[in-house]
Structure formats: structure tokens, C-alpha cells
Amino acid sequence: MYPRMPSTPHPVQKEILPNGLVVLTEPMDHVHSVSVGIWVRSGSRREPAELNGISHFIEHMVFKGTSRRSAEDIAREVDRVGGMLDAFTSKELVCFNTRVLAEHLPQAFDVLADMVLDPKFAPEDIAREQSVILEEIRMTQDNPEDLVHELFTQNFWSSHALGRPILGTPETVSVFTRDALFKWFRRAYAPGEIVITAAGRITHEQLVALVTTHFEALVPADAAAPDAAPRAVPHITLRSKRELEQVHVCLGVPAIPITDKRRFAASVLSGVLGGGMSSRLFQQIRERLGLAYAIFSDLNSYHDTGVLSVYAGTSLETTAQLVRAVLDEFRRLADEPLSEEELRHSKDHLKGATLLALEGSGQRMSSLARSHIYFGRHFTPEELIAMLEAVTPADVLALAREFFSPARLAASVVGPLDGFQLTRDQLAF
């Protein structure tokens with residue numbers, strides 16, 4: 001029924017340096033560029049409460065200069081060859097990455113390695129970056145969609161580190177010192193916690209040579225302590241902000257870890273629920289009832305847990321009706337199996353998104369890292385599609401019945417809430 005996809009032209013290759021650092025490559029002969037990422041397995045969930053935000057702070061600080069380069073030098077050297085340099089911090093990972101034409105890889109990798117291995121953490125740069133990140137935190141507080149998600153996450157995971165903001169808080173960020181940054185940096189950026197991946201016009205030998213030159217002297221450190229398992233809390237959180245025009249709602253339930261064999265059924269479930277313009281939530285709540293302009297579901301999975309959430313914005317007068325309409329869709333998914341047509345549509349949507357993303361070297365580079373970090377192996381596009389195609393209506397129904405229980409449901413609401421109440425009885429379905 002579906003055309004056979006061409007096999008991967010080159011196998012993924014892996015090398016482990018003597019100090020424990022992992023190198024992975026996937027050549028792509030049809031492209032002119034190469035994407036390289038340095039991945040650190042130490043995101044915000046490993047931070048103690050008093051250092052909340054330090055992973056994100058260090059991610060910013062490595063761009064501020066090294067012993068060999070100023071911040072301007074770092075930006076200029078990659079920019080002048082038409083390359084891109086970026087980074088991000090998540091709950092479980094930090095990534096520094098670059099994409100350049102293959103001929104400029106040695107220069108770009110030298111910049112990337114220099115940043116990750118030898119940041120200066122100059123006191124004056126720390127002070128400036130504290131001001132920048134404090135503004136970033138304030139910006140989140142001023143964005144109601146960001147705020148409702150942050151409130152939901154903090155209360156959903158309660159006192160666990162997974163619930164703390166990636167950016168940190170004004171109280172923690174304001175007191176970061178150079179000594180604290182270096183102490184965390186040396187612990188987190190150990191070779192056993194680093195995975196370096198590349199995809200594009202590159203050979204495995206080329207990347208291994210570059211990584212060996214820059215990273216072979218990096219000294220191993222003690223392994224990080226195992227992450228404490230989180231426990232979801234079915235909370236109801238209301239935050240009144242009278243200056244807003246809309247009420248912003250986030251409803252969610254515990255989901256499954258990223259490694260769970262049912263993850264493809266969970267993706268289908270989230271897609272059917274609120275994954276696009278043809279999803280049930282969009283069609284029912286926006287198109288038929290006219291209760292919201294923006295509404296969508298989101299599936300966030302971690303190595304030991306997950307959460308499925310729904311976001312929507314509406315007026316105060318229609319908030320209760322919107323919540324009830326979302327709960328009705330939860331109940332419908334738990335009561336009735338998907339039709340073959342709806343299942344087919346969701347699979348085709350996910351398959352298209354997966355394969356289109358994997359056409360780019362950046363996504364291939366990212367996929368290499370995540371597959372190794374979470375699964376210890378690489379999945380070919382053919383394997384991914386086969387696992388997706390194996391999902392049945394019964395699989396999705398079983399997950400929906402597990403997920404959508406009123407006792408597991410959490411809610412956060414932000415907006416002009418004068419007189420508004422949301423009770424556990426109202427969340428029954």
C-alpha cells in the first residue's frame with residue numbers, strides 16, 4: 001500500500017573514546033552541509049533547588065568568551081562562513097550545535113569545542129547575564145500561555161526538580177557565583193555525560209579525529225547519581241491576572257516515559273486529540289463551538305515519566321463550557337475506539353512529519369543523540385514507521401482509558417478570574 005522507503009545509504013557509526021565520551025555519525029552524501037551537536041546529559045531536573053537554573057545559565061555563559069575567543073569572536077567566526085550556532089537547555093539535556101558547509105567543519109568545530117571546554121565565566125559577564133536572564137524570567141511571567149504552562153508544570157510535579165523552571169527563579173539566578181558555575185560545569189560537562197553527534201557530508205573518521213583532538217584530554221568524573229523518580233500531583237491552580245483579556249487553561253494527566261513501547265500509540269492519541277487543524281479539539285471547540293482561537297494538545301515524555309496536556313485560551317464567560325468540552329473529548333477517547341479512517345489519518349500525519357524532519361541534517365543529528373541517550377541504539381526510518389504502523393485502535397483505547405481518569409487530572413488557569421471557581425467535581429467526566 002505504501003512505497004518502500006530507500007534504505008539508509010550509510011550505517012550509523014559509533015565510537016567511545018577512552019574517557020567515556022561517545023561519538024556518533026550518519027553520513028548524508030546528498031547534502032552540502034554538516035550538523036554537529038555536543039549533547040550534555042544534565043538538564044534542569046538534576047539541579048538542587050538552590051541551584052535551579054544553573055544549567056541554562058551556563059548554556060548562556062559559554063557564548064560569552066573563552067581563553068582564546070571573545071563573545072564577538074565566537075559569533076563572527078561561524079557567521080562569516082554562513083554557518084549557524086545555537087544551543088538549548090531542556091529538563092534532561094543541554095545541547096550546543098552548529099551547521100556549516102562541510103568544508104568549514106574543522107573551523108566551526110574548533111569554535112564549538114572551545115566554548116564547551118574552556119568558558120571564561122568572567123565576573124562582569126556573569127553580572128550582565130544575570131540581568132538578561134532575569135528579564136527572560138519576567139518575560140515568561142508576562143506571557144500568559146507560558147505562565148499557565150509553567151504553573152501547571154510546577155504544581156504537577158510538586159516539589160520534584162522536574163517541576164522547577166528551566167530558567168530558574170529570580171532568587172536563585174541572582175546569587176550565582178563564578179565558583180558555583182565552575183563547580184557545576186566541571187561536574188556536568190564530564191566526558192561520560194557527553195555525546196557528540198554529526199549528520200551530513202562527513203565521514204565517521206573525520207568526526208572522530210576532530211573529537212579526539214579536542215576532547216581526549218577531558219578527565220572522567222564520578223557518574224551522576226540516579227535521578228529521583230517524580231510523582232504527579234492532580235492539582236487545581238488558579239492565578240488571577242486582571243490585566244489579561246482571555247482566560248488561559250491547561251489541563252493534563254500523567255503519561256508514559258519516552259522509552260515505553262506504547263509511545264507510538266501515545267503519539268497517535270495526542271495527535272487525534274489536539275495535534276492539528278483536523279484534530280478533535282480543534283474541530284469541536286474552535287470550529288463547531290467557537291470557544292477558542294488556539295487549542296492544542298502536547299505530549300512531553302522524559303526517561304522515567306511523561307505528561308499529556310491540553311492548552312486553550314477563551315473568555316471568562318465561556319471557560320467552564322470550554323473545560324467541559326475538553327473533558328467530553330477525553331471521555332469519548334476512553335469510551336470509543338478510533339475508526340480506521342481516523343487512525344489512518346493520524347498515522348499518515350505522524351509519518352509525514354517524521355520523514356520530512358529526517359530529511360534535514362540537523363534533525364538527523366538530533367535523532368542520533370536522543371536515540372542513543374534514551375535507547376542506547378539507532379532507529380532507521382523504516383523501523384520507526386513500522387512501529388507506528390503497528391498501532392491499533394485497541395492500543396489507543398487502552399492508553400486513553402489509562403490516561404483519562406478524573407482522579408489523575410490536573411488543571412491550571414490564568415486570567416481575569418474574579419468570581420471564577422474550578423472544583424474537582426467540575427473536572428469529573
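Two strands count as paired if DSSP finds at least two bridges between them. In this predicted model, strands S9 and S10 are joined by seven bridges and run antiparallel. One of the bridges links Asp-298 to its partner in S10, Ser-309.

**Six-stranded sheet**
- This open sheet has the strand order S1-S2-S6-S3-S5-S4, and its pairing is mixed.
- Strands S1 (13–16) and S4 (84–89) are the edges; each has a single partner strand, so one side of each has no neighbour in the sheet.
- Neighbouring strands are turned by 15 degrees against each other on average, direction ignored.
- S3 (residues 33–40) and S6 (residues 194–200) are antiparallel and share seven bridges.
- Ser-35 has Ala-199 of S6 as its bridge partner.

**Helices across that sheet**
- Helix H8 (residues 204–215) lies across S1, S2 (22–27), S3 and S6. H8 runs at about 150 degrees to S2.
- Helix H13 (residues 361–375) lies across S1, S2, S3, S4, S5 (94–101) and S6. H13 runs at about 30 degrees to S3.

**Five-stranded sheet**
- The order in this open sheet is S7-S11-S8-S10-S9, again with mixed pairing.
- S7 (236–240) and S9 (295–301) stand at the edges with a single partner strand each, so one side of each is left without a neighbour in the sheet.
- From one strand to the next, the twist averages 15 degrees.

**Helix H10**
- Arg-280, Leu-281, Phe-282 and Ile-285 are buried in H10 (residues 280–288).
- The buried residues of H10 pack against helices H9 (263–274), H11 (319–335) and H12 (340–357), and against strands S9 and S10.

- The structure holds 15 aromatic pairs.
- Phe-121 and Phe-185 form an edge-to-face pair, because their ring planes stand at 90 degrees; the ring centres are 5.7 Å apart.
- Phe-121 lies in the loop between H3 (105–117) and H4 (123–142), and Phe-185 in H7 (residues 178–188), so the pair ties together parts 64 residues apart in sequence.
- Both Phe-121 and Phe-185 are buried.
- Phe-403 and Phe-404 also pair edge-to-face, at 6.4 Å centre to centre and 85 degrees between the planes.
- Phe-403 counts as buried because its relative accessibility is 0%. Phe-404 counts as buried at 5%.
- Phe-63, Phe-96, Phe-121, Phe-182, Phe-185 and Tyr-189 make up one aromatic cluster.
- The charged end of Arg-263 sits over the ring of Phe-379, 5.7 Å from the ring centre.

Terms used: Residues numbered from 1 in each chain as written. Predicted model: local features only at pLDDT ≥ 70, side-chain atom pairs only at ≥ 80, totals over all residues. Heavy atoms only, no water. Helix = DSSP H or I, 4+ residues; strand = E, 2+ residues; numbered from the N terminus. Axes fitted to C-alpha atoms, helices over the stretch in contact; angles between N-to-C directions. Contact = heavy atoms within 4.5 Å. Buried < 20%, exposed > 50% of the residue type's maximum accessible area, 1.4 Å probe, protein only. Phe/Tyr/Trp six-rings, centres within 6.5 Å; stacked < 30°, edge-to-face > 60°. Lys NZ or Arg CZ within 6 Å of the ring centre and 35° of its normal.
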